[in-house]
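Work through the exercises below with the structure in view. Each task is followed by a solution in steps.

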Amino acid sequence: MELTVGPNQFFWSAERWTSFYDDLAKAPVNRVVLGELVCSKRLPFFQDRIPDAISTIVDAGKEVALTSLALVTLKRERKLTGELSEMGVEVEVNDLTALAHLPAGLPFSVGPLVNVYNEGTLSWLASRGATRVCLPPELPLASVSSLARAGADAGLAVEVWGHGRLPLAISGRCYHARLHGRSKDNCQFACEDDPDGLAVHTLEGKPFLAMNGVQTLSDSYTCAAYQIDALRDAGVNALRLSPQSTGFTAICGLYRQLLDGVVDADHLVDAMSRIDAAMRLSDGFLTGPRGADWSGKTVQP
Amino acid sequence: MEIVCPAGTPASLRAAVTAGAHTVYCGFADETNARNFPGLNFDRAEMRDGIAFAHDRGTKVLIAINTFPRAGDETPWHRAVADAESCGADAVILADLGLLDHAARNHPRLRRHLSVQAAAANADAVNFYAESFGVKRVVLPRVLSVQEIAAINAETEVETEVFVYGGLCVMAEGRCSLSSYATGRSPNMNGVCSPASHVEYHDENGVLDARLGGYTIHRVQKDEPAPYPTLCKGCFSAGEKTGHLFEDPVSLNAEQLIPQLQKAGVTALKIEGRQRSRSYVAQVVGNFRAAVDALEAGRPMPEGMLARLSEGQAMTTGAYKKTWR
């Protein structure tokens, strides 16, 4: 099984962004998807660095794709989406607007924010030129198995959300701005102080969600470590790891060792708790019953 | 402008038709539609009878088949589309790419509308669905301002339908798995959001907690009204603040924006609420029909006509006004 690194979902400084991709070039992953997924207002801060990051990663022998925005409403966002394929790397479609703009016949990949719930959708996307689909994180193992088989039949690689805070929702409203009493248009980049999103607690003080501008994420970090055998049996081709601000290249290394049989899931979980003791884990979308549930080892901090 | 009204039961359908609905939308009693609640929706015979009743009175019927078919088991969704056609539906409302493709290939004469669950939020996406699947109408997601809706209409031949009244999704529809994260049941897969089966009220020392999937997301004094714990309208804390961080427990009411929506080129106004009673449906439909008739006759819009129905619940015009964001 291969490892794909998904696009960074958060707003990081340009320097942090560049050094993240410099480090990632040395990590044992096969494929990197980069670009802005969540909010077009963040893009000007690092847009001019994208070509260099692409070169660095390609020179390290990895595949690169460029993500579309997850929600495209404004005219300049449509223009930006239309220009994605001009960068010369594969486009990962995370909103169908991007597919509408792709030149016919150009292969593309499909990200986790496009609703691919069944074989009909998978085969339609394959007929349009999709070569790879990262399934929506919400899908249970039974659906993943059916879709991985259908993907193999259609000659298309199937990827599953393997690690990281789950992208649960996207909105027209910016929650970070709202929290600071501002509107989206005058957000003053309220999200930049929270490199992994801002913790949202329930009224009894349980950590529950993380706000990230217009996006809402899970508090928990998905960890598919205990499902690797099931995913491999199902024929899943790749595991997607979603960037976080601390210890990410070490996390990539751990998953590579897990896939290679060098370490087991318990070891990976122990090691991750040393990277960030506050990281709560979940794999409930795969195993049920609830997305927030965790089937693996509990590590005492 | 066309008024598109919800009908969760045959009785509501008849109430909506009688109250002057131009169009009624409903669903089959299973997980193929996004209001898969106990005791709601239509079996095949009820659907046929309901459509006949509506057609006799000049009202159209749309059938929502707007959840995402399950991998390995798409048959119930395919059967729903086939049965919608044989029952005489005027259109089906679909969200899934695979199902749209299936319907376009196997039921080419059955008119296809794009569900709000597909969240087509700009003219490129709307036109893409029209070119790919022959979609004739799109229900726009509730993330757009009136100006953005006008811009979409300026660039597409596809009819647009917008929500004007009822429940309000704060997140882009069809792209939200908050509910399944907390409860295991989601709008996309199961046709439910924040389901009642996972709601608990907990009463201690005069304080009433409302929990969803074990998470406490509302807390009121015992004598205060306790709103239903819908996830995105729950109470949370982040940073220094505790409150309704995503959205207040409000519902949508865009009645005063009807003239602007008409100028923006909108074809149809949609009322949410297939889970509502027939008397509610009849009253809302009657009021909106009166408003549209007044507008078309050049009379002033009746004011505050729906205040009574909201029973003290706060109303919002949602994303239609840009400041909402």
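**Exercise 1.** Which helices each supply at least two residues of the lining of the largest cavity?

Solution. The model is a predicted one.
- Step 1: On chain A, look at α4 (96–101), which supplies at least two residues of this lining.
- Step 2: On chain B, α5 (123–133) likewise supplies at least two.
- Step 3: The lining has 20 residues, and those nearest the centre of the cavity are A:Leu96, A:Asn115, B:Ala118, B:Tyr129 and B:Arg175.
- Step 4: Sorted by kind, the lining holds 12 nonpolar, five polar and three charged residues.

**Exercise 2.** Describe the second largest cavity and find the strand with the largest share of its lining.

Solution. 
- Step 1: The volume of the second largest cavity is about 170 Å³.
- Step 2: Its lining counts 17 residues, with A:Pro112, A:Leu113, A:Pro167, B:Arg175 and B:Ser177 closest to the centre.
- Step 3: Strand β7 (residues 157–170) of chain A gives the largest share, four residues.
- Step 4: By kind, 10 lining residues are nonpolar, five polar and two charged.

**Exercise 3.** In what order do the strands of the open three-stranded sheet of chain B lie, and which are the edge strands?

Solution. 
- Step 1: The order is β8-β9-β10, with antiparallel pairing.
- Step 2: β8 (199–204) and β10 (215–221) of chain B each pair on one side only, which makes them the edge strands.
- Step 3: From one strand to the next, the twist averages 25°.
- Step 4: Six bridges join β8(B) to β9 (residues 207–212) of chain B; in β9(B), B:Leu212 is the bridge partner of B:Val199.

Notes: Residues numbered from 1 in each chain as written. Chains lettered and ligands numbered in written order. Predicted model: local features only at pLDDT ≥ 70, side-chain atom pairs only at ≥ 80, totals over all residues. Heavy atoms only, no water. 1 Å grid on protein atoms, 1.4 Å probe; cavity = no way out; pocket = protein on both sides within 12 Å on 5 of 7 lines; lining within 4 Å. Nonpolar A, V, L, I, M, F, W, Y, C, P; charged D, E, K, R; others polar. Points joined across faces, edges and corners; volume = space filled by probe spheres on them. Pairing = 2+ DSSP bridges. Axes fitted to C-alpha atoms, helices over the stretch in contact; angles between N-to-C directions.
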